[in-house]
Amino acid sequence: MSKHTDLSRRDFLRVAGSGLVVGATLTSTQGCAGPFDRIRSAGTSVWGKDPDQKPETLFDIWLKISVDDTITVFVPSSELGQGVSTSLPMLIAEELDADWKSIRMEMSPAHTDYRKKYHYGSFHMTAESRSIRASWLRLRQAGAAARSMLVDAAAARWGLEPSQCKTENGAVLHPDGKTVLSYGALAEEARNYSAPSDPPLKEHKDFKIIGKSIPRVDLPAKVNGSGVFGVDVKVPGMVYAAIRICPVFGGSLKSVNRKSIEGMPGVEAVVELDDAVAVVANSWWRAQQAVSKLDVVFDEGEHADFNDAGVEAMLNEGLEDSGPETFGCGDMDDAIEEASTVLDQVYSVPYIQHATLEPMNCTAHVQEDRIDVWVPTQSQEWTEDKITSVSGMSRSKIFIHTTLVGGGLGRRLESDFAAQAVLISEAAGKPVKLIWNREQDTQHGFYRPAFKGRLKAALDKKGNLTGLSVHNSGQFILQNYAPGFIIDIARRFPRWLNQDLDALAQQGAVDQGYAIANQSISYTRTLCPVPIGNHRSVGHSYNAFFMESMLDEVAHATKSNPLLMRKKLLAHNPRQLAVLNKLEKISGFGKPPAGRSQGISLHTAFGSISGQVAEVSVDDKGTLKVHKVYCVVDCGPVVHPDTVVSQLEGGIAFALSNMRGEEINIEKGRVKQSNFHDYPILKLADMPEVEVAIMDNPDVEPGGIGEVGVPPLIPAVTNAIFAATGYRVRSMPLSKHKLPGKA
């Protein structure tokens, strides 16, 4: 008989994987003074244990070098599983000529300098597949500048000119070929030399680290259980909180009968918030048991009768509106008038949620003169803003410690749960870890908005596509965000924001490169009480479905090969054309294996181009099986090839999950779904074989990769379904369609 043990799965992994790693307790960082002191001391280790601390020199906000030659890189992007804890340090290590074995990383703190030098110029966040794009030059320049300072220090010590010295594997080499000074031995002296503002960078052919699939830094700690996600954080004196939020959007807390949980074990406090109530206890399970039994009355507010029919009516009303034009060329009205054939179709997608495997959580410690927050977040910047607004504490007294993130997908750009944790900690007078249960997570998200698109294609007598219009109807995603962000976006991308236009709503409908003489892209903003937000690939996720499905309809109407038709429309765009040619070569498009059908799609997003071919079968009962997905991507220069493949595989799995059965429904002002039993996500058995080919294109700027695998998948599959059955899928999810048997 086996002996019972209380060892948790996480504890088992820790013991099995690393011998003896007991817990991962973080302590508050105290005594932070000036900005560089704050950077030096507030960087967060998420690997479960810190190495022995040695004297070290901070070179910039990006790196420090220890006397034992350890080089620590501060990574400003959150590690969401996309591999930035490896790929970003690779950029510095390459130009620094560092020994990769000496590199370690820490999550950077939220700090003014990161806001100024990263991502959007004034915001510190992880979004829009921008980590490599934003870092490609900056981190390489930081590595090259530090290398220059180290060479200056070595040359001065040897009485040489810097140009006489070389660097290799974390050391400066004397021209005698024998004498060597390690970076650790030079670091303190090197800091006395000025960093060049524009240091020369290596050419692509000289890269030794960039372009190699070296082992990822984050994986061992995730496998052996020592990595610190938000739910793993432990702070001395910490208690736990569980929460119940008003189920109706826009409702509020009306009353709480505290006597209803009197005597329940471990309960320490009941904290009332504007729209929620939390129970604080000495374990999360006890807090959850108590809050579920708490006698609570909510004021459900004005949206208590809102439902799916209201959503549908708003979207249809928006479609009837002409809407202001986002993009236009030629004269679409003339194209329609002169057309021999006009295709006029409506496509739609529902609300879907992020369903991150790690539910929302945050640990907060509110003290009289500072607030520490340990949080899996995609936006340190907005988290600071939110905490400032609810606490009244200045930004300089708020310390964000970013942990590993168990699924971001856009949900963790929001900071609602962090604000709740701060308020609960303040009321409890203790550090508090707040964890939402799955039901709260499902029913209080910031959903990918439901959208409808009406597309018209004008064809001349010869079957040429002479015009294409897209009119979208849906909610304004940018409405959730801080005015400063809106202003910044408007300054940088003025055509994104015009007369309340939402560029995110139109992502993927413009700039696709097809040579169509007459085009019109327009959008009508609808008003709806359902909270919405960014969702992996944002507007691209549905506009790719709309656009690439319509092009397939055009191909069918003109009896054209959908691949050859796209090649013709992209003949002037060599990058897109090259992706299509490669896709044709690896997939054998047009010659599917017996019993299978193929669909194709192409999409340009986040500076990258991704094409996919889906191979499917539909049996006599209409059961779909996606057998294989071929994917080709041109994302410019590649930092870590294996990560690129992983991101595309993950994007394809994510999109398949969205397609198959994900949908959020609204009934009586609240979300109907509650957990994975009624919000099914993709299962391992439904995952097809995926073959990825990466185009080698080092002569252009890097493109994003975290989201580009998502948009082409759904149209590739639905176009394949049409090829198999003659049935056109124009709405999601697929579970609402009864597919006919194979045609």
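Trainee: How many helices and strands does the chain have?

Mentor: The chain in this predicted model has 743 residues, and 59% of them count as buried. Among contacts with a separation of 6 or more, 76% join residues 24 or more positions apart. As for the elements themselves, the chain has 21 helices and 27 strands.

Trainee: Which class of residue makes the contact of α20 with α21?

Mentor: The crossing of α20 past α21 is right-handed. Helix α20 contributes Ile652, Ala655, Leu656 and Met659, while α21 contributes Leu713, Ile714 and Val717. The contact has no polar and no charged residues, and its seven residues are nonpolar.

Trainee: At what angle do helix α12 and helix α13 pack, and what is the term for it?

Mentor: Helix α12 spans residues 380–391 and helix α13 spans residues 416–428, with their axes 9 Å apart. The angle between them is about 40°. That angle therefore makes the arrangement of α12 to α13 oblique.

Trainee: How many residues of each class are in the contact of α12 with α13?

Mentor: Here α12 passes α13 in a right-handed crossing. From α12 come Thr383, Lys386, Ile387, Val390 and Ser391, which meet Asp416, Ala418, Ala419, Val422 and Leu423 of α13. Sorted by class, the contact has two charged, two polar and six nonpolar residues.

Trainee: Is Asn472 buried or exposed?

Mentor: Asn472 belongs to strand β20, which runs over residues 465–475. A residue counts as buried when its relative accessible area is under 20%. Asn472 has a relative accessibility of 0%, so the word for this residue is buried.

Trainee: The side chain of Asn472 has a polar atom 3.4 Å from a backbone oxygen; which residue does that oxygen belong to?

Mentor: Leaving aside residues up to four places away in sequence, Asn472 touches a set of residues that includes Phe451, Lys452, Gly453, Ala505, Gln506 and Ser522. Tyr523, Thr524, Tyr542, Asn543 and Phe546 are also among the residues that Asn472 touches. The backbone oxygen that lies 3.4 Å from the polar side-chain atom of Asn472 is that of Ala505.

Key
Residues numbered from 1 in each chain as written. Predicted model: local features only at pLDDT ≥ 70, side-chain atom pairs only at ≥ 80, totals over all residues. Heavy atoms only, no water. Left-handed = near helix turned anticlockwise from the far one by under 90°. Helix = DSSP H or I, 4+ residues; strand = E, 2+ residues; numbered from the N terminus. Contact = heavy atoms within 4.5 Å. Nonpolar A, V, L, I, M, F, W, Y, C, P; charged D, E, K, R; others polar. Buried < 20%, exposed > 50% of the residue type's maximum accessible area, 1.4 Å probe, protein only. Polar contact = N/O pair within 3.5 Å; in protein donor to acceptor, adjacent residues only side chain to side chain. Axes fitted to C-alpha atoms, helices over the stretch in contact; angles between N-to-C directions. Parallel < 35°, antiparallel > 145°, perpendicular 65-115°, else oblique.
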